[in-house]
Amino acid sequence: ELVGQIWRMKKGSDRRIRQGHTRVFSHEIASSIKNFRGHEVVELQDFDGNFLARGYGNLASKIIFRAMSFSSAEKNPLSLASLQNKLLSAWRKRHELHFSSSFRLCFSEADEIPGLIIDRYLVEGDGEFKNQDHQVFAVQILTSGIQRNLPDVLSLLQKVCETAHAEGMSLVNWQRTSVVLRNDVGIRKLEGLDVEPPRFLKVISGYEATQSWIKIKHVGLNTDILMNCDLYQGQKTGFFLDQIGNISVVAKELENKFSSLDFKSAESFRILDLCCYVGHWSVQIGTLLKNKNIPVHSTLVDVSKDALLRAQKNMEQAGLSFEIQTRDVLKGLDVLPSQGFDLVIADPPAFVKAKKDLPTGKHAYQKLNSQAFRLVKPGGYVVSCSCSGLISEDDLQSAVSKAIQKNQVAAKLIGKGGPAADHPKIPGFSEGSYLKMLLHQVD
């Protein structure tokens with residue numbers, strides 16, 4: 001059984017944690033910390049000795065404490081039983097929200113396990129299970145506290161998988177499950193951890209993770225779509241699951257547009273998908289319009305040739321009309337025709353990764369969106385995204401407003417978005433709201 005430690009906060013430093021924030025910084029701790037081995041549960045108290053939270057600590061990080069429970073009744077939130085219960089609770093919440101194929105199972109602080117990311121992918125039959133779907137858990141351990149206190153990821157996931165299967169939340173059992181550890185992210189360095197190459201903890205016979213065909217819920221149709229991606233070394237854990245909600249916002253707007261119009265134009269609805277990665281936006285929107293017998297043609301742009309090869313596979317799989325262009329979106333868009341597209345999607349990688357990058361990052365968002373509003377047709381739509389946690393929604397709106405002014409067009413903000421519902425938000429923890437989306441229509 002773990003032996004706990006008690007840490008007290010400086011007088012007046014407990015306001016954030018009382019509001020639901022999960023992180024405490026080293027300068028906020030009043031008590032002297034001795035003989036801390038990293039495996040202990042830490043009880044956080046205010047200056048007067050009143051209980052605040054329990055969690056884990058890391059003396060080597062500026063974030064010295066991370067809360068896992070605000071309940072005094074939960075004595076050991078790091079126990080295997082507690083972690084299992086938290087993951088099963090997270091799965092039940094996703095199930096209630098009708099996430100059944102691929103989704104984020106554990107979103108760190110929002111699911112009371114800060115430092116742990118688990119994405120669950122439903123993969124079309126492959127290898128030993130050619131005619132049966134199987135699943136892949138892609139796991140990222142981002143903090144020292146979780147790395148030290150979760151030595152056996154497989155035992156944890158096996159119990160969670162078997163319970164979810166028994167409760168009918170999943171049709172896939174443990175035998176048809178692979179687990180890949182994706183500790184190949186630089187943020188681990190801030191915790192004093194090594195960046196590790198990806199590795200399988202468990203893999204079913206014959207499964208080729210770099211050519212996975214995952215099933216993603218379609219935002220407007222009662223079906224799944226297939227997307228080719230790399231679950232072994234692709235960006236994030238291989239796919240951007242967090243954009244599902246934002247794609248849904250845009251899809252609903254287009255459904256409203258076409259249900260209120262007698263759209264019989266022989267001319268295709270033209271989509272420009274900037275920083276397309278593997279083409280998720282284009283496949284989702286294109287499939288929706290195609291299902292409504294609306295001709296649609298997408299131009300997919302990315303700087304990565306590998307991503308574009310997958311995007312090509314995904315568009316071909318969906319039977320959609322498209323073209324591929326390898327370009328740097330901040331340098332190579334001048335050749336595209338002004339007012340040539342009905343929908344322009346600007347979904348770049350994080351332009352701001354540290355506070356020192358803020359000025360250049362804000363300028364990059366303005367520059368990209370200036371091109372987007374140059375390229376959209378009158379009456380068309382522009383999707384502006386930012387996944388930079390340090391860029392606020394106001395920052396993004398400011399960059400987009402400047403882009404609109406530069407192009408001397410009039411546009412209305414008609415929709416907003418953020419991470420999908422399988423990436424829940426918790427009150428008082430703004431860091432969880434990293435993804436922003438603004439949808440404008442040009443008059």
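Does Gln-408 count as buried or exposed? At 74% relative accessibility, Gln-408 counts as exposed, because the cut-off for that word is over 50%. Keep in mind as you explore that this is a predicted model. Gln-408 sits in the loop that runs between helix 9 (393-406) and strand 18 (411-417). Its backbone deserves a look too: Gln-408 is not a glycine, yet its phi is positive, at about 55 degrees. Most residues other than glycine have a negative phi.

Tyr-277 is another residue to look up. Phi of Tyr-277 is near 55 degrees, again a positive value in a residue other than glycine. You will find Tyr-277 in the loop between strand 13 (269-274) and helix 6 (280-291). Its relative accessibility is 13%, so Tyr-277 counts as buried, the limit being under 20%.

Now turn to the inside of the model. In soluble globular proteins, nonpolar side chains tend to be buried together. Here the largest nonpolar core has 30 residues, and those that touch the most other members are Trp-91, Ile-113, Leu-116, Ile-118, Phe-137, Val-139 and Leu-157. Several elements give two or more residues to this core: helix 2 (80-96), strand 6 (103-107), strand 7 (116-123), strand 8 (134-141), helix 4 (153-166) and strand 9 (177-181). The largest share, six residues, comes from helix 4.

What does Leu-157 touch, once residues up to four places away in sequence are not counted? The list is Ile-118, Phe-137, Val-139, Trp-174 and Val-179. There is also a second, separate core of 29 residues, which includes Ala-138, Ile-216, Val-283 and Ala-420.

Let's visit Lys-215, which lies in strand 11 (residues 212-217). Its side chain is joined to the side chain of Asp-133 by a polar contact of 2.9 Å. If you leave aside neighbours within four places in sequence, Lys-215 is in contact with Ser-101, Ser-102, Leu-122, Asp-133, Asp-224, Ile-225 and Leu-226.

Asp-357 is found in the loop between strand 16 (341-346) and helix 8 (358-375). Why is Asp-357 called buried? Its relative accessible area is 19%, and buried means under 20%, so Asp-357 falls within the limit. The side chains of Asp-357 and Lys-356 are joined by a polar contact of 3.3 Å. Apart from neighbours within four places in sequence, Asp-357 is in contact with Phe-351 and Val-352.

## A cavity and a pocket

The structure holds one cavity of 30 Å³ or more. The largest cavity has a volume of about 30 Å³, and its lining is made by Met-9, Ser-13, Arg-16, Ile-17, His-21, Arg-23, Val-24 and Glu-28. Helix 1 (15-18) and strand 2 (23-25) are the elements that give two or more residues to this lining. Sorted by class, the lining of the largest cavity has three nonpolar, two polar and three charged residues.

The second largest pocket holds about 290 Å³ of space. Of the 16 residues that line this pocket, Phe-99, Lys-217, Val-219, Ile-244 and Ser-248 lie nearest its centre. The elements that give two or more residues to the lining are strand 11 and helix 5 (244-259). Which element gives the most to this lining? Helix 5 does, with three residues. By class, the lining of the second largest pocket has eight nonpolar, seven polar and one charged residues.

Methods:
Residues are numbered from 1 along each chain as its sequence is written. This is a predicted model: local features need pLDDT of at least 70, side-chain atom pairs count only at pLDDT 80 or more; totals for chains, interfaces and linings use all residues. Side-chain values use heavy atoms; hydrogens and water are left out. On a 1 Å grid over the protein atoms alone, a cavity is a set of points where a 1.4 Å probe fits but cannot get out, and a pocket is an open set with protein on both sides within 12 Å along at least five of seven lines; lining residues have an atom within 4 Å of a point. Grid points are joined across faces, edges and corners, and a volume is the space filled by probe spheres set on the points. Helices (H or I, at least four residues) and strands (E, at least two) are DSSP runs, numbered from the N terminus. Ala, Val, Leu, Ile, Met, Phe, Trp, Tyr, Cys and Pro count as nonpolar, Asp, Glu, Lys and Arg as charged, and the others, Gly among them, as polar. A nonpolar core is a set of buried Ala, Val, Leu, Ile, Met, Phe, Trp, Tyr and Cys residues joined through side-chain atoms within 4.5 Å. Buried means under 20% relative accessible area, exposed over 50%, partly exposed in between (1.4 Å probe, protein chains only). Contact means heavy atoms within 4.5 Å. A polar contact is a pair of N or O atoms within 3.5 Å; within protein, one must be able to donate a hydrogen and the other to accept it, and residues adjacent in sequence count only if both atoms are side-chain atoms.
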